[in-house]
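Take a look at the structure below.

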Amino acid sequence: MKESILENNIFMRALRCEPVERTPVWLMRQAGRYQPEYRAIRQKLSFLELCHNSQVAAEVTVMAVEMLKVDAGIIFADILLPLQCLNAGLRFAQGDGPVIDNPVRSSADVDNLTAFDVQDGLGYVLEAIKLFVKEKPLVPLIGFAGAPFTLASYLIEGGSSRHFERTKAFMYLEPLAFEKLMAILTDVTIEYLLAQAAAGANCLMLFDSWVGTLGREDYTTAILPHSRRIFAALQNVVPTIHFGTATGGMLDLVASAGSDVIGVDWRMNLASAWDLIGPKAVQGNLDPTVLLGDRKLIYDRTRMVLEQAGGRSGHIFNLGHGIGKDTPVDNVKYLVESVRELSTRKALSYEP
Ligand code: CP3
């Protein structure tokens, strides 16, 4: 593992399941539309322009860390950016989320995806990482990528989806083409994540956000070998986090893919999830919509998550999914303060 000045940082220690004086906390989508400052930047730049502007992307990353006083930054980018380089025709339609203009619907479409060099195609993300590290050398930075299945689902569906029927039909009817697509996306993901670590990311997170739509058989045969290849390639590079939603029925399988940390959503009690995951660090798992409630609810539910973690080493506090755009900023700040207060080990053992 890479030597770094962050070796003793609490987030880095928790990733390695070492004891910490309080539970580290960061939040998925900590930079985003719930912040007025972010919305102001988006008045001037489209989402893709913002991602491509390394300077502003780094600033937005720093802004979230400073505003919330969280224990880690996550580089401002998107899992779908590599799809632009594959010539899939990625765009973000006003209010409609991502659109893929050249969806993958046949084996010929898989063959037409263009190979690209990560340094050329995604160098702007690597540059943003370098800028963040220069500005905040003492704050751990998370680099990330989308997992092959989640990326494939956008390519095949042509955008977001509810039931992933086209994706599953392609997987069942064109197994060789699906496998080839997964292998291409796995290669890109490995190269991209290694480049992010080389640029200075201290931890790498793989988002397989939608893999919970699959049953155990399909996960085991069509997905797991690729995820294993990714984590094998990252072994001894930097610590890794593997996240998905609705993965309660397959957490044992997800854990076997080989990351250091498993991210879990709110649909499961954290203690039961941890039992399935086994001896590894766990990240999660407050329901992000709790942040739409009042302070008492936020405080009580935060305490519940911490109680389920039970003071075990290797808990990183997070939401079960990203912060929603209509979330009040003060509630997000209050959540981070509550985690700090409730998880401070010295305070818990303090006797007057
Ligand atoms: O602070 C951070 O978390 C870092 C930045 C980040 C973004 N996207 C910025 C973003 C990260 C880590 C992501 C990951 C991402 N992107 C995932 C995996 C995590 C998850 O939510 O499950 C997925 C599935 C995507 C794909 C994506 N990007 C969608 C479906 C959308 C549109 C819908 C939505 O939630 O807004 C995006 C756009 C996007 N990515 C925004 C942000 C801040 C909003 C864009 C805007 O400013 O209009």
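The report starts with the strand and then turns to the ligand.

This is a predicted model, where local features need pLDDT of at least 70 and side-chain atom pairs count only at pLDDT 80 or more, while totals for chains, interfaces and linings use all residues. Residues are numbered from 1 along each chain as its sequence is written, and side-chain values use heavy atoms, with hydrogens and water left out.

**The strand**

Strand β9 spans residues 315–319, and five of its five residues are buried. Buried means under 20% relative accessible area (1.4 Å probe, protein chains only). Strands are DSSP runs of E with at least two residues, helices are runs of H or I with at least four, and both are numbered from the N terminus. Cover comes on both faces of β9: His315, Phe317 and Leu319 lie on one side, Ile316 and Asn318 on the other. β9 pairs with β8 (residues 281–286) in the parallel sense, over five bridges. To pair, two strands need at least two DSSP bridges between them. Glycine 284 stands opposite phenylalanine 317.

**The ligand**

The ligand is surrounded by 26 residues, each with a heavy atom within 4 Å of it. Of these, 16 are nonpolar, six polar and four charged. The table lists polar contacts, that is, pairs of N or O atoms within 3.5 Å.

| Side chain | Distance to a ligand oxygen |
|---|---|
| Arginine 42 | 2.8 Å |
| Serine 209 | 2.5 Å |
| Histidine 321 | 2.6 Å |

Taken alone, the ligand exposes 880 Å², and the protein buries 88% of that. These areas come from the Shrake-Rupley method with a 1.4 Å probe.

Key. Buried means under 20% relative accessible area, exposed over 50%, partly exposed in between (1.4 Å probe, protein chains only). A polar contact is a pair of N or O atoms within 3.5 Å; within protein, one must be able to donate a hydrogen and the other to accept it, and residues adjacent in sequence count only if both atoms are side-chain atoms. Ala, Val, Leu, Ile, Met, Phe, Trp, Tyr, Cys and Pro count as nonpolar, Asp, Glu, Lys and Arg as charged, and the others, Gly among them, as polar.
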